[in-house]
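Hello,

Here is the structure I promised to pass on to you. Have a look at it first, and then read on for what turned up in it.

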Amino acid sequence: MSTCHPPSETPVAGDGGVALVGHPNVGKSVLFQRLTGRYAVVSNYPGTTVQVTRGTARQLDGAAVIDTPGVIAFPPRTEDEHVTARVLLNEPLRAVVQVGDAKGMRRTLLLTLQLAEMGVPMVLALNMMDEAGARGVAVDQALLEARLDVPVVATVATRGQGVDGLVAAVRRARAPKLRLDYPAPVEAAIRDAEGHLPDAPIARRALALLWLSGDESAAAWLDAHAGETVRMELAAVRERLTETLGEPVSEVVQRARLDRVEALARDVVRQSTGRRGGVAATLGRITTHRVWGWPFLAAVLYGMYWFVGVFGAGRLVGLVENDLFGEVVNPWVSGVASDLLPAFLADLLTGEYGLWTMGMTYALALILPIVSTFFLAFSVLEDSGYLARLTVVSNRMFTTLGLNGKAVLPMVLGLGCVTMATLTTRVLESKRDRLLATILLALAVPCSAQLGVVLGMLGGVSFAATLIWAGVVLLVLLAVGALAARLVPGQRSTLVIELPPLRMPVLSNVVVKTVARLEWYLKEVVPLFLAGTGVLFLLDKVGALPALIRAGEPVVSSWLGLPAEASSAFLLGFLRRDFGATNLFVMQSENLLTAVQVVTAMVTITLFVPCVASVLVIARERGARAAAMLTAVIFPLAFLVGGVVERVLTATGWGA
Amino acid sequence: MTCALCGHLFDPQANAACPSCPLHGGCLLACCPQCGHDTVDPAGSALVALGARIAARARGAAGGAA
């Protein structure tokens, strides 16, 4: 696929500045300080709110040095990335120094290829070489330098190591002769576009690729430097290519680059395996194996079921809710309230829908023990590096169905917090992809808090119940995903992720993360639980709650086969899924629900929209109309699936 | 801090995602600039700080007794 040829043109290196370019947080700013000393000018890049730092390097004859904002890849998507693209397109540069993370060579090399294609004189500074060495990563610098035709320097910016070598490399920087060959239709379009493009600070071939990939910075540059006729002809070239390929040009280009990166990385990167590394490496391979990865996942799920469901929700909740709150705390609070407060306020605090007896008891006696065990288990998965491997396993499942590979990342992130995961759907290129991922997230990805409560409830039934719940939710996720993927054909893209090493979790890390998560969770849920309880109290006082429960009977009792009282749980579920689930948990602990009813209720409430916060984020990210439509579709679908599950389980005699 | 999902090393205080988030400004969550994974930033937790103070005091007392 790829060969080395001279680029179609070689920009002349003049006396311009030196731009530091690289991914976010790879040490650009530290290296900038090493090169420029103390004095720097920080200002907004013209026409933007993005700050760019400039200084001068005495070791480079006073050349201007520009510290550009972090860029993930080209074409740029964020305002920060656009500024970096504009620096490359508009600033007179004698050299570009790519600061790369030596620990993540594939990601680094992907950007290196893009910069090399631009044909500007460049140097690759492999930073954080000490950390890479500690992780057993070794890079064959000489071979890499030969393959890229770019000077490669190892640096540890924080200690100033390699800075002199970098300065020397900048002095001998030249335009690389690296060239990637793309599929024939893309090559034809590049040649066609090159014929129309004016001279540019970067190679015409690179500018053509940026334009064909839909890069806005390239379009803005052409607006200023090319006439109307040229722009129309270029637009026609891009349109013809998109039609020929049947998928976004950027995806085809990216695949070719990833193939080259993979081949390069295989040759130049060595991961040493010591005795401990050998065991970890073997386990790492099992966890991501296309067959054995699934039994491993089932074992992890069983471990969490036992720890969260049986131990957390059974033993711990029994101790805290029954023994502590039920027999000591709540009777004392009720006694004090009835003695000191007027009847109405005492009822508000300690009545059936009391702020203390319901809101705080739910939050502290029921949820806290369950989410404590869940967050502990989640922190272990995180710290061990398994969470990242879960992304690899689920990626295969999603791509088999034809879904966009990148959409997998928000799905896995949703297991932490769906609201935040909705924000990460920004990494997806097209609006349709972003909408699709948002639908799946809002519909069928339970967040950490809800997972804890769900596992807690199902732990009171059996592991088979947990598997049925997980199977149904997964089936809905895949069915909706496959249907949506069919409506959005040819939108696949490759997921690139650097897997952290699989290791034994560090106890202090796990404890600190769990405690911090619990604090975050309590700060977020206690106000919502109190607000929800307050709403129920008011509805009860004005006589609307019984009416609402009666109104919900046709769906809750007749369709889902649940007790009418479960209506109030679903009402709370509109506010926050785990709040509603907690209400159902209480019903289960009072023996008001059978095994079938527990599974039905859990499936239904899992498919609810996660929480008010997530709806607000969806409205902000996808628009109020999309949020309203999603909400209007998801709630009926949740009840529909719940009813079907109830009928199937009853018909098969499960749980009898 | 190091992202638990992708291993990326980042400064949680310099998180670019926060200004665009309508709900979590000033919260304990830190989002990885590479993959978006939201992680609780222990440095912003009052409970973690309290635990660290207690542990430091206990170590100090143990050292004094020895």
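Before we start, one definition: two residues are in contact if their C-beta atoms, placed from the backbone, lie within 7 Å. Please also keep in mind that this is a predicted model.

With that definition, take Leu528(A) as an example. Leaving out residues up to four places away in sequence, Leu528(A) touches Leu575(A), Arg576(A) and Phe579(A). Arg576(A) is 48 residues from Leu528(A) along the chain, and the C-alpha atoms of these two are separated by 8.1 Å. Is Leu528(A) buried or partly exposed? A residue needs 20 or more other C-beta atoms within 10 Å to be buried. Leu528(A) has 19, so it counts as partly exposed.

Now step back to the whole chain. Chain A has 656 residues, and 50% of them count as buried. The chain contains 28 helices and 11 strands. If you take the contacts in chain A between residues at least 6 apart in sequence, 75% of them join residues at least 24 apart.

Leu528(A) belongs to helix 22 of chain A, so let us stay with that helix for a moment. How do helix 22 (residues 507–541) and helix 23 (residues 544–559) of chain A cross? Their axes come within 5 Å, at an angle of roughly 95 degrees. Angles of 65 to 115 degrees count as roughly perpendicular, and therefore that is how these two helices of chain A are described. On the helix 22 side, the contact is made by Leu536(A), Leu539(A) and Asp540(A), while helix 23 brings Ala544(A), Leu545(A) and Leu548(A). By class, that contact has five nonpolar residues, one charged residue and no polar ones.

Finally, look for strand 6 (residues 93–101) of chain A. Nine of its nine residues are buried, so the strand is largely enclosed by the rest of the structure. Strand 6 pairs with strand 2 (residues 17–22) of chain A in the parallel sense, over six bridges. In this pairing, Gly22(A) has Val99(A) of strand 6 as its bridge partner. Strand 6 also pairs with strand 7 (residues 122–127) of chain A, again in the parallel sense and over six bridges. There, Val96(A) stands opposite Met122(A) of strand 7. To get from strand 6 to strand 7, the chain passes through helix 3 (residues 105–117) of chain A, and this β-α-β crossover is right-handed.

Enjoy exploring it!

Best wishes

Note on methods. Residues are numbered from 1 along each chain as its sequence is written. Chains are lettered from A and ligands numbered from 1 in the order in which they are written. This is a predicted model: local features need pLDDT of at least 70, side-chain atom pairs count only at pLDDT 80 or more; totals for chains, interfaces and linings use all residues. Helices (H or I, at least four residues) and strands (E, at least two) are DSSP runs, numbered from the N terminus. A residue is buried if 20 or more other C-beta atoms lie within 10 Å of its own, exposed if 12 or fewer, and partly exposed in between; C-beta atoms are placed from the backbone. Axes are lines fitted to C-alpha atoms, for helices over the stretch in contact, and angles run from 0 to 180 degrees between N-to-C directions. Angles under 35 degrees count as roughly parallel, over 145 as roughly antiparallel, 65 to 115 as roughly perpendicular and the rest as oblique. Ala, Val, Leu, Ile, Met, Phe, Trp, Tyr, Cys and Pro count as nonpolar, Asp, Glu, Lys and Arg as charged, and the others, Gly among them, as polar. Two strands pair if DSSP finds at least two bridges between them. A crossover is right-handed if, with the strands pointing away from the viewer, the path from the first strand over the helix to the second runs clockwise.
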